[in-house]
Amino acid sequence: MSADLLADTELISADLEAALDRMMGPGADDGDVYFQRRRSEHWSLEEAEVKSAGRGLRQGVGLRVVSGERMGLAHTDRLEPGALLEAAACVRSFARQGTTGRAVLDLSRSVNDLYRPADPTGSLSADEKVELLHSLDAEARRADPRVREVFISLSASHDQVLILSAERRLSTDVRPLVRLDVRVVVEQGGKREQGSAGGGGRRDYGLFVETDRAKGYAREAVRRALVNLEAREAPAGVFPVALGPGWPGVLLHEAVGHGLEGDFNRKGTSVFSGRIGEQVASELCTVVDDGSLAERRGSLNLDDEGTPTGRTVLIENGILRGYMQDRTNARLMAAHVTGNGRRESYAHLPMPRMTNTFLLAGGHSREEIIASIDKGLYAVHFGGGQVDITSGRFVFNAAEAYWVENGRIQYPVKGATLIGNGAQTLRMVSMVGDDLALDDGVGTCGKQGQSVPVGVGQPTLRVDGLTVGGTRTGA
Amino acid sequence: MMDVPEAVPALVDSQPLLGRLESALEFARTSGADAAQATIAVTQGTSVGVRLGELESVEYDRAQSLSVTVYFGHREGSASTSDLGREALRETVEAACAIARYTAEDPHGGLPRRDDLAENVPDLDLDHPWLESTDKLLEVALCCEQAARDAGPMIRNSDGASVNSHRSLRCYANSLGFAQAYGSSRHGIGCAVIAGASDEMQRGHWGSSARRPSELEDAGSVGHRAAQRAIEQLGARTISTRTTPVVFPADLAYSLWASVAAALSGSAQYRKTSFLQDCLGQSVASRQLRLYEQPFLPAALGSAPFDDEGVSPRERDLLADGEVRGYVLNSYSARRLGMRTTGNAGGVRNLTLEPGADSFAELLGRMDTGFLVTGLMGRGVNPLTGDYSRGARGFWVEGGEIAFPVHEVTLAGNLRILLKQIVAIGNDPIVRGNYRSPSVLVEAMTLGGKSG
C-alpha cells in the first residue's frame, strides 16, 4: 500500500524516515510525517442542465514535531527528498528539553476495515453521473408544479494518507467520500421558499443509486420547501422543544461535543473542564463518539495520527465519563488516546475532533414526546450550529419546525435560531425516544479554521426549555 | 493617483509561473479547446501561537495551486492541481477537457469580452513583507497575550494569542492574451482570553488584520480589547422577550452589508434566490444608506488590480439614497441578465458604508433604551426571504448608558424591513477584511429571551 502511494513521486519510504530522523531532535516528545494525496470531483446542475464540473488533485507532506505543549508544522507540496529535509530542518528547532507525561497507547486495538478503498469517482461513468443529475431534477419537478428552481451538486473524493509516527510505525488509510445535495425553490402566489436535502458517506456513488435513495432526497427537498411556504412566524422566548431524530443531533455536537474535546479541557477553557464523574446531563442521556461505524461520513479506519478509531463513551446516564483525545492531549493529561486526532489536510495541525457523535435511544415513542408538549416547538430539521465552549452557549438553526399546542402539531413555523447553554440543556432532557437515527451524511465541522466531515445522531428528545429566536412575541 | 510605492522583492518570480499558465493554455488549445483561462496562486507565510506566555505552535505554510477552465464552444470543464510540474499540468488540462464533453451547452458561458479586460494593471501597493523571523512574530504574540493577561485579576485563563504573516502571488491568464500577476500580503494579530468570577467563565476575542503591518492595531491594544470584551460580559443575564431598537457596532454591522452584497449578486438575481430580487433602481433601504465599492484603495484588504477573470473592477455605488444602483456581476451573470460585467468575479471590493455624523456615544444616546449587540452566533440568515434570526450577546442600554451585560438571547427580524429601519449611522468606521462599516442603529428587532 505505502509503495503504491509513493509510486508516482520521487519519494520512497526511506525519505520519510530520513525526514523523521532529522526533525526528531532531543526534546521532541512526538512527531509524525503525514503524506496525503486527495483526488476529488464535483458535478453541478442548475436550470435542468449540468453546467459545470471539475476535478482536483491536492497532495503534499506535513511534518510535525511536538515538544511538551508546543507543536511545529512545516509542509510542502514538492514531493522530493530535498524539500522534505528542508521542511524537517525548519520544524526541528522547536523541540525543547523536558517531556511531560506519556499518552496511553492502546496497541491491542485492532485496525478497522470500515469502507472499501476504491476511488468512488470511477463508480459511475460520466454519462451515468449526468443522467443521475437529470433524473433527480425531473423527480423534483415532477413532485410538485410549484417547483421553480432545482440545484443539485454531486461530489466525491478519494483521500489516501500515509502516516509515519514517532515510533516509526507506518499506517495507511484510503478514504472514499461521496456527497449529494438537492436544493429547490418553490413559488406560490409570488412567495418563494427553499428546501434542501442530501446525504453521503464513505462509499461510492452506488449509495445514491441503490434503492433510489437520491430520488428520496429530491422529494424530501421539495417537501421541506412546501412546508416553508405555509410557515408562519416563529415565536420568540423560552419554550419546551421536541427535537426529531437524526440530524437534530447537531444539538449534541454543539451543546456538549466540542466542550468534551481534550484540548479545551486540558487548557481549562471548557465549561466541562475538570468535571469527569459529575452529573452534567439528565440520567436519560448517554452520549458516545464512534469513529468505527461502517461507511459513515464521520468514520475513519484510523485517525490522522494513526490511532485506530473506536467508540468513546462521553456521557453515561448523565455522568461525564471521558473526553475525546489526540496523542498530544492524551499525553499531557495522562489519558487514553481515543482515535480523535484529526486534521483537515497535510497542511494543518491535528487536534481532538469529533467523528460520529450521538445520543443513545430511550424508552418513549415520538408520539408520546410530542403529546407531552403544552405550548412549544417540534423541530425536525436544522441548518448548522455554533458554540462558545467557554460559556457553553450554543445556537443551532431550525430549518423545519412546527408549533405544538396541547400535545398536537398545529402549523409549521419559519426557520429560527435556537439558543441554549450546554451545561444546562442536557440536564433539561426529560424524555428520550426509542427511534435513534444517525444523520444522512452531510455534516462538516469547523474548528480553528479546519473543516472535517462528521456525523451526528439522536432519537427524538424533549428539552424542557430552549430560547427560540422567532419574531412573534406574546406567544 | 497615489504615491509610487516602494519596490519590494516579489515573493517568487512571476515570469516562470506566467510561463506555466502559458503552457496550460497551449495544452488546452492543442486539446481542441476554443478558449481557456487559468490561475496560479502561491502563498507563503508563518503563523505563531502562544498561550500562557509560552510558544504553543509554529506553522510554516507554503501552498500552491493551479486551476484551469476550458471551453469547447459553450461547454465548460475545470480542474485544479497542487502539482505544478509539466506532466501534472498536462493531466490537469486533459481532465478539464474530458469533463467539458459532458457539460451542457450554455450560450452565456465563456470568457469575458475582450474590451472588458483590464487595460491597466495599477500597482495598488498590496505587498508588504513583515517580520522575517519567527522569533519576532513570537515576540509580538507574547506581547499581545501579556497585555490581555495584565488587564485585571478577572482574567483567569487564556486561549492564547496568534500572529500570522503571509504573502501571496496571484497569476491569471486567458486565451484572449491577458496574462498578469500581482503580489499581496496579509498579516494578522488575534487574542482570546477568559475572564472568570465565581463559577462563571466568559470568553473575549479581538483581532486585527491588514496588508500593511503599520495598519495593524498595536499588539498590546488587541490583547487589551480581548480582555475588556471578556471582563465586560461577566455577570451577564438573559432578559425577557421584547421588541427593541438595536445598535450594531462597527465590527458587527459589516455582516449586514455582506448579506446585501450576496442578495445583489448576479447569481442570486438570475437564479431568483435573492431577498432583493429585481430591485435595480428601487428604494430598499433607509435614505441615509450609501454602500459603495473602492477596489483601488491602496494597500487595502479588498483591493485588486483586476478581478478573477482579468476584468477591471470599478469604483461605484451599490446603494445610494437607499436605492439599488447596481448588481454585483461577473461576465457570466452579466450575460444572463443582459448587462455588462462590473468586474466582480470573486466578489465585492472594499464594500464601504458611508459614515454618518453620530459618534458611538451619540448613537447610544439616540437609541436611549435598547440593545447593544457585541456578539452574534450562528448563520441564521435566509438569503431567499431575508428572514434573520441569530444568537446574540451584548448590553442592555438605558438612557443612552450601558446598564448591564446580556447573554443567551436571540435577535430576529427580516433584512428587507431592517434595511429601512436603519435610523442612524455612526462616524466610527472600522475595517473588517473586505468590508468597511461604521456602527448603525436599527429601529426595531425582536429580542428573544426568557418568558414574562
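The contact between the chains draws 60 residues from chain A and 59 residues from chain B, where two residues are in contact if their C-beta atoms, placed from the backbone, lie within 7 Å. The model is predicted, with local features needing pLDDT of at least 70 and side-chain atom pairs counting only at pLDDT 80 or more, while totals for chains, interfaces and linings use all residues. Residues are numbered from 1 along each chain as its sequence is written, and chains are lettered from A and ligands numbered from 1 in the order in which they are written.

On the side of chain A that touches chain B, the largest share, twelve residues, comes from strand S2 (residues 49-67) of chain A. Strands (E, at least two residues) and helices (H or I, at least four) are DSSP runs, numbered from the N terminus. By class, this side of chain A has 21 nonpolar, 26 polar and 13 charged residues; Ala, Val, Leu, Ile, Met, Phe, Trp, Tyr, Cys and Pro count as nonpolar, Asp, Glu, Lys and Arg as charged, and the others, Gly among them, as polar.

S2(A) also pairs with strand S3 (residues 75-81) of chain B, in the parallel sense over four bridges; pairing requires at least two DSSP bridges between the strands. Gly54(A) has Ser78(B) as its bridge partner in S3(B).

Within chain B, helix H1 (residues 14-30) packs with helix H2 (residues 86-100) at an angle of about 45°, their axes 9 Å apart. Axes are lines fitted to C-alpha atoms, for helices over the stretch in contact, and angles run from 0 to 180 degrees between N-to-C directions. The contact involves Arg20(B), Ser23(B), Ala24(B), Phe27(B) and Ala28(B) of H1(B), and Leu89(B), Arg90(B), Val93(B) and Cys97(B) of H2(B). By class, these are six nonpolar, one polar and two charged residues.
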